[in-house]
Amino acid sequence: MTKLAMAQPRFKDPNASSKPMGCSIHPGILGPDSRLLRQKSWPVALSGRRQAEESWEKLEQALNQARAKHDFRSCIGLSAIQIGIPLRMALIWSPNMGYLHIANPEIVEYSAQTAIEHENCLSLFDMRGRVARPIGVALRYLDQDFSKIERSFSGWTARVIQHQLDHMDGILFTDRMLAGEPLMPYGDYAVQKAAA
Ligand SMILES: [Zn+2]
């Protein structure tokens with residue numbers, strides 16, 4: 001058993017490999033081979049503020065590392081389960097919004113209109129796949145201070161939020177891809193996008 005596993009036995013993924021996993025290229029972020037990514041996460045308890053604070057810190061650290069490595073031009077997100085913490089928390093970042101902390105999120109309304117976009121994931125970073133999702137959501141959640149918030153989101157942020165909520169239920173974007181469409185390596189996607 002590793003030192004980390006002894007310190008945090010609850011968060012140990014018994015199926016995690018010690019080798020680099022799948023196509024994930026971010027240290028500390030689980031790759032698609034981890035069975036933990038298929039687990040449902042637990043709600044954050046209101047009495048668990050300290051645990052939540054530690055988890056926010058770890059999420060910020062992991063997301064900042066990814067941002068230091070890549071120049072993200074649009075909204076990105078990371079769920080706690082992706083760093084081995086099975087709590088319903090996610091950290092979302094976009095250039096114009098900065099950080100958005102969401103805990104125990106619940107979508108209370110979806111827009112009727114949907115859009116199809118290529119998605120990717122920090123756990124399957126070099127792959128893309130087309131997913132249809134509602135273009136807007138109304139979200140009820142707890143923020144970093146455990147305040148109850150209800151707020152509407154649209155566009156790419158709404159998509160990233162839905163993607164993060166899926167992670168909390170053990171669902172990957174590959175499960176929602178359009179039927180018959182293969183996962184596309186990033187190189188092919190970039191060529192296709194440049195030609196569009
Ligand atoms: Zn993801």
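**Close-up views of the predicted model**

**View A. Strand 1 and strand 2 run antiparallel, joined by four bridges.** In this predicted model, strand 1 spans residues 76–79 and strand 2 covers residues 89–94. Ile-76 has Trp-93 of strand 2 as its bridge partner. Along strand 1, the residues point in two directions: Ile-76 and Leu-78 to one side, Gly-77 and Ser-79 to the other. Residues on both sides of strand 1 are buried.

**View B. The largest nonpolar core contains 41 residues.** Leu-59, Ala-80, Ile-92 and Ile-161 have the most contacts inside this core. Several helices and strands contribute at least two residues each, including helix 2 (49–69), strand 3 (98–110), strand 6 (136–142) and helix 3 (155–168). Strand 1 and strand 2, the pair shown in View A, are also among these contributors. In soluble globular proteins, nonpolar side chains tend to be buried together.

**View C. Surroundings of Ile-161.** Apart from neighbours within four places in sequence, Ile-161 is in contact with Ile-92, Val-137, Leu-139 and Phe-153. Of these, Ile-92 is, like Ile-161, one of the residues with the most contacts inside the largest nonpolar core.

**View D. An open sheet of three strands has the order 4-5-8, with antiparallel pairing.** Strand 4 (114–119) and strand 8 (184–185) stand at the edges with a single partner strand each, so one side of each has no neighbour in the sheet. Two bridges connect strand 5 and strand 8 in the antiparallel sense. Arg-128 has Met-184 of strand 8 as its bridge partner.

Conventions: Residues numbered from 1 in each chain as written. Predicted model: local features only at pLDDT ≥ 70, side-chain atom pairs only at ≥ 80, totals over all residues. Buried ≥ 20, exposed ≤ 12 C-beta atoms within 10 Å, placed from the backbone. Pairing = 2+ DSSP bridges. Core = buried A, V, L, I, M, F, W, Y, C linked by C-beta atoms within 7 Å. Contact = placed C-beta atoms within 7 Å.
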